[in-house]
Amino acid sequence: MSPEKLVELALEAMTHSYSPYSGFKVGAALLCADGTVYQGCNIENAAYGPTNCAERTAFFKAVYDGQRDFVAIAVCGGKDGVITGGFPPCGVCRQVMREFCGDDFVIYMVDAEGYEAHTLAEILPFSFSAQKHMN
Ligand code: THU
């Protein structure tokens, strides 16, 4: 699947955002090795802390379905759904990615012009993982 198609699915996912507190709508589209794509959106909460980011929504849906092998994720978002600059996934989401993904997992950060691609190794260097530290 092309990055452009994955970006399109992230943009569609953003329309599902439940973000009445921040007004910051986020969408994600996670590509599995078998070609399946899982979409996610941010889901906020009045207590703030329980908020789930779009990336984790996509990962948790996929893992529940038995997926363990991931290729890439496209992430987009902006205030009221208007995309200006791209933004990197939060630290919690990066650690969730680390749980299931290798260094070469790709993150497409969507901006007004297109997207910027970075690997997980680039955005989460020197990280703790079961594969590297618990065996
Ligand atoms: N958010 C995401 O969904 N993904 C990120 O990587 C960064 C932040 C959400 C959480 C919250 O609903 C809103 O964006 C503002 O922080």
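Here is a short chat about a helix pair and a pocket in this predicted model.

Me: Why is H2 called roughly parallel to H3?

Reply: The axes of H2 (residues 54-64) and H3 (residues 91-100) cross at roughly 25°. Angles under 35 degrees count as roughly parallel, so that's the label H2 gets against H3. The two axes come within 9 Å, and H2 passes H3 in a left-handed crossing.

Me: Which residues in H2 meet which residues in H3?

Reply: On the H2 side you've got Glu 55, Arg 56, Phe 59, Phe 60 and Val 63, and they meet Val 92, Cys 93, Val 96, Met 97 and Phe 100 in H3. By class, that contact has eight nonpolar, no polar and two charged residues. Glu and Arg count as charged, so Glu 55 and Arg 56 from H2 are the charged pair.

Me: What makes up the lining of the largest pocket?

Reply: That pocket has a volume of about 150 Å³. Of its 15 lining residues, the closest to the centre are Phe 24, Val 26, Asn 42, Cys 53 and Ala 54. Strand E1 (24-32) and H2 are the elements that give two or more residues to the lining. By class, the lining has nine nonpolar, four polar and two charged residues.

Notes
Residues are numbered from 1 along each chain as its sequence is written. This is a predicted model: local features need pLDDT of at least 70, side-chain atom pairs count only at pLDDT 80 or more; totals for chains, interfaces and linings use all residues. Side-chain values use heavy atoms; hydrogens and water are left out. Axes are lines fitted to C-alpha atoms, for helices over the stretch in contact, and angles run from 0 to 180 degrees between N-to-C directions. Helices (H or I, at least four residues) and strands (E, at least two) are DSSP runs, numbered from the N terminus. Angles under 35 degrees count as roughly parallel, over 145 as roughly antiparallel, 65 to 115 as roughly perpendicular and the rest as oblique. A crossing is left-handed if the near helix is turned anticlockwise from the far one by less than a right angle, and right-handed if clockwise. Contact means heavy atoms within 4.5 Å. On a 1 Å grid over the protein atoms alone, a cavity is a set of points where a 1.4 Å probe fits but cannot get out, and a pocket is an open set with protein on both sides within 12 Å along at least five of seven lines; lining residues have an atom within 4 Å of a point. Grid points are joined across faces, edges and corners, and a volume is the space filled by probe spheres set on the points.
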